[in-house]
Amino acid sequence: MELVASLFATDNYTAVKKMMDVSAMRHAAIASNLANVSTPGYKRVDLSKSFEDELKSRIGARDTDAVVAAEPRTEIDSLTPATRADGNNVQIDRELLEMSTNTMNFDALTNFASGSLKQLRMAITGRAQ
């Protein structure tokens with residue numbers, strides 16, 4: 001049982017799990033932006049820049065408890081100027097690019113996490129497949 005716990009308690013695995021949660025939250029924010037591309041006065045939302053910096057710092061310090069405790073949050077993007085007369089600041093090309101990038105990041109994180117599960121399968125069965 002300790003082997004199983006040790007596979008899922010590593011700094012890297014903990015960071016990957018948190019980053020997957022963050023990626024899912026960013027995906028929801030992007031989806032909201034896309035859904036409101038025609039809503040007058042809507043302001044795009046994104047993951048808080050301060051949260052991203054905080055998470056990077058916690059991961060860099062290898063403080064597993066601090067990484068787990070980090071709570072992702074979204075905020076209104078006040079830096080992107082409105083490009084339309086109605087005040088909406090969503091740019092569909094940018095959102096689609098962000099979604100594509102976020103999807104690739106999530107896929108890479110998923111591959112890392114599945115590698116840990118493959119190690120567990122190998123430990124249990126003695127076979128890779």
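Me: In which helix does serine 23 lie?

Reply: Serine 23 lies in helix H2. Helices are DSSP runs of H or I with at least four residues, strands are runs of E with at least two, and both are numbered from the N terminus. The model is a predicted one, in which local features need pLDDT of at least 70 and side-chain atom pairs count only at pLDDT 80 or more, while totals for chains, interfaces and linings use all residues. Residues are numbered from 1 along each chain as its sequence is written, and side-chain values use heavy atoms, with hydrogens and water left out.

Me: Why is serine 23 called buried?

Reply: Buried means under 20% relative accessible area, exposed means over 50%, and partly exposed lies in between (1.4 Å probe, protein chains only). Serine 23 has a relative accessible area of 6%, and therefore counts as buried. Among the other buried residues of H2 are Val22, Arg26 and Ala29.

Me: Which residues is serine 23 in contact with, leaving aside its neighbours within four places in sequence?

Reply: They are Asn102 and Phe106, where contact means heavy atoms within 4.5 Å. Asn102 is itself one of the buried residues of H5.

Me: How do you know that the length of H2 agrees with its number of residues?

Reply: The expected span is 1.5 Å times one less than the number of residues. H2 has 25 residues and should span 36 Å; its end C-alpha atoms are 36 Å apart, so the two agree. H3, with 12 residues, reaches 17 Å, close to the expected 16 Å.

Me: Why does aspartate 46 count as buried?

Reply: Aspartate 46, which is found in strand E1, has 15% relative accessibility and therefore counts as buried. Leaving aside neighbours within four places in sequence, aspartate 46 is in contact with Arg26, Ala29, Arg73, Thr74 and Glu75.

Me: What makes serine 48 buried, and where does serine 48 lie?

Reply: Its relative accessible area is 1%, so serine 48 is buried. The residue lies in the loop between E1 and H3. Beyond its neighbours within four places in sequence, serine 48 is in contact with Arg73, Thr74 and Glu75.

Me: With which side chain does the side chain of serine 48 make a polar contact?

Reply: The partner is the side chain of serine 50, at 2.8 Å. A polar contact is a pair of N or O atoms within 3.5 Å; within protein, one must be able to donate a hydrogen and the other to accept it, and residues adjacent in sequence count only if both atoms are side-chain atoms.

Me: What makes a space a pocket, and which residues line the largest pocket?

Reply: On a 1 Å grid over the protein atoms alone, a pocket is an open set of points where a 1.4 Å probe fits, with protein on both sides within 12 Å along at least five of seven lines; lining residues have an atom within 4 Å of a point. The largest pocket is lined by Met19, Val22, Ser23, Arg26, Leu47, Glu52, Leu55, Lys56, Ile59, Asn102, Asn105 and Leu109. H2, H3 and H5 each supply at least two residues of this lining.
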